[in-house]
Amino acid sequence: MNHSNDNDPRKMNVNDDNINNETNDDVNESGRFDEREAVEQSSTYREADNSYTSARSMQDEENQEEPFIPISDEQYEKQRKRKMKPKTKGFLSTVAAGVIGSVITLSVIPFTDYPDMFQGDHSSSQSASQDAQVETKPMKVTQTSTAKASIADMVEKASPAIVGVVNMQRQQQSFGSFFRGSEQQSNADGEEIESGSGSGVIFKKEGNYAYIVTNNHVIEGASKIEVALADGKQTTAELIGADALSDLAVLKIPSKYVTSVLEFADSSALRAGDEVIAIGNPLGLDLSRTVTQGIVSAVNRSVAVNTSAGEWNLNVIQTDAAINPGNSGGALLNPSGQVVGINSLKISENGVEGLGFAIPSNELVPIVNEIIETGQVQRVYLGVGLASIDEIPEMYLQDLPKSVDGGVIVTNIDKDSAAYRAGLKVQDVIVAINDMKVKSPTELRQYLYSKLKVGDRATIKFYRDGQLKTATVTLTSTASKSAN
């Protein structure tokens, strides 16, 4: 019997039943048969065979394309030991490291503040989140409610000082003689009827009288002015004075009707975006003391207007607070309830909205004070009627040099004026005053009223019959109702 082949576990089925106490010819090196050694060798080969089969299966799965190469027992044993040893060692090292690390962690954590630190960070984050909510939420609510409450309180306090102003004019009753054609006469005793209405602001109460500021165009042409108060009472107002160019007028009524007055604020402090509130009587007394809210859209706007005293450029505050017919003369207020302007006009064209204008308080206060003191606004008076040369047919300008690109022509002249005394005549073309070029009547008026005062001397350059001439005038004064 060949021992090397018969003992191969891949050919020989070895189990406990095959091992017995029988003596055979197979002996060890000492010449004796060792049963225990045979069993151990058989078990070892069986385990090795199983490992070999598993290794082969894994190799086949990972690389199915590699062909199977038979190896000898000696080579197989060497490969098996080389592969199993690192795996066993690595596995044991990993298990040992895990056990040791767990023990260290469980032993050290109770003596550290790590749990507290984690809990502290969490609570701090939660606290910070709560603080953020507490800061943001109340600010919103408080700001909104405070703004609404302050405006409502302000309006409630200011409204009694806003009045309705009614322009009463005598109705012209005309008649003519049937036998004398169309000749007509007016009846001076005609009935007084309401011609229009606007708003006014009570700004002063002194002694037996209270004073109201309104627009000139609200009361212009009135034979009687009535004032409607917040409590529903009405009284007749006295006109102290008016100024057409600035569109301002001052009235007075008995102080017994007045319970509240408003003060003026510094309008130069206004900026675009500031909140403003308009109070007035749009469309008549039925909607008296209507409140509208907006912002200052712009300051120091210059708006050209036609007045009974001629063309003029008003310096105004632009706002988007609703201003309608009947609001004229009403107050434009800041959130503190102070008057920053007197609502005067709006641009009313198709497709245009939110363009209202108010006379700034800093512009109107000096004029109002002057009207109270003198009953009128006195400005320098040149004494000429003017028109722009652009409005005159060329046939009247034939002698004017082609180099002249602007100026104003004298259309009429007051014989009791500085211009007449200086030698100016009708059809003279004024091109400069004190070396400032003049291109329109408005420019000339603006310069006269803002740069010069009564008694000043001014040098006027003008063309007459194609020749440039110069005249010096000493300016006088007259009431603003005298047209220049």
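Which ring does the charged end of Lys-204 sit over? The ring is that of Tyr-211, with the charge 5.5 Å from its centre. A charge sits over a ring if NZ of Lys or CZ of Arg is within 6 Å of the ring centre and within 35 degrees of the ring normal. Arg-379 also lies over a ring face, that of Tyr-449, at 5.4 Å from the ring centre.

This is a predicted model: local features need pLDDT of at least 70, side-chain atom pairs count only at pLDDT 80 or more, and totals for chains, interfaces and linings use all residues. Residues are numbered from 1 along each chain as its sequence is written, and side-chain values use heavy atoms, with hydrogens and water left out.

**Barrel**

In the order 1-4-5-8-7-6, 6 strands close into a barrel with antiparallel pairing. On average, neighbouring strands of this sheet are turned by 40 degrees against each other, direction ignored. Strands are DSSP runs of E with at least two residues, helices runs of H or I with at least four, numbered from the N terminus. Two strands pair if DSSP finds at least two bridges between them. Strand 6 (residues 224-228) and strand 7 (residues 234-243) are antiparallel over 4 bridges. Ala-228 has Gln-234 in strand 7 as its bridge partner.

**Aromatic pairs**

The whole structure holds 2 aromatic pairs. Rings of Phe, Tyr and Trp (its six-membered ring) pair if their centres lie within 6.5 Å; planes under 30 degrees apart count as stacked, over 60 as edge-to-face and the rest as tilted. Phe-203 and Phe-264 form a tilted pair, 5.7 Å centre to centre with 50 degrees between the planes. Phe-203 is in strand 4 (residues 192-206), Phe-264 in the loop between strand 8 and strand 9, 61 residues apart. Phe-203 is buried at 12% relative accessible area; buried means under 20%, exposed over 50%, partly exposed in between (1.4 Å probe, protein chains only). Phe-264 is partly exposed at 26%.

Trp-312 and Tyr-449 are tilted too, at 5.4 Å and 45 degrees. Trp-312 lies in strand 11 and Tyr-449 in helix 8, so this pair ties together parts 137 residues apart in sequence. Both Trp-312 and Tyr-449 are buried.

**Salt bridges**

The count is 9 salt bridges, each a side-chain nitrogen of Lys or Arg within 4 Å of a carboxyl oxygen of Asp or Glu. Among them:

| Pair | N to O distance |
|---|---|
| Arg-170 and Glu-192 | 3.2 Å |
| Glu-226 and Lys-224 | 3.5 Å |
| Asp-428 and Arg-464 | 2.8 Å |

Asp-428 and Arg-464 are both buried.

Technical notes: Axes are lines fitted to C-alpha atoms, for helices over the stretch in contact, and angles run from 0 to 180 degrees between N-to-C directions.
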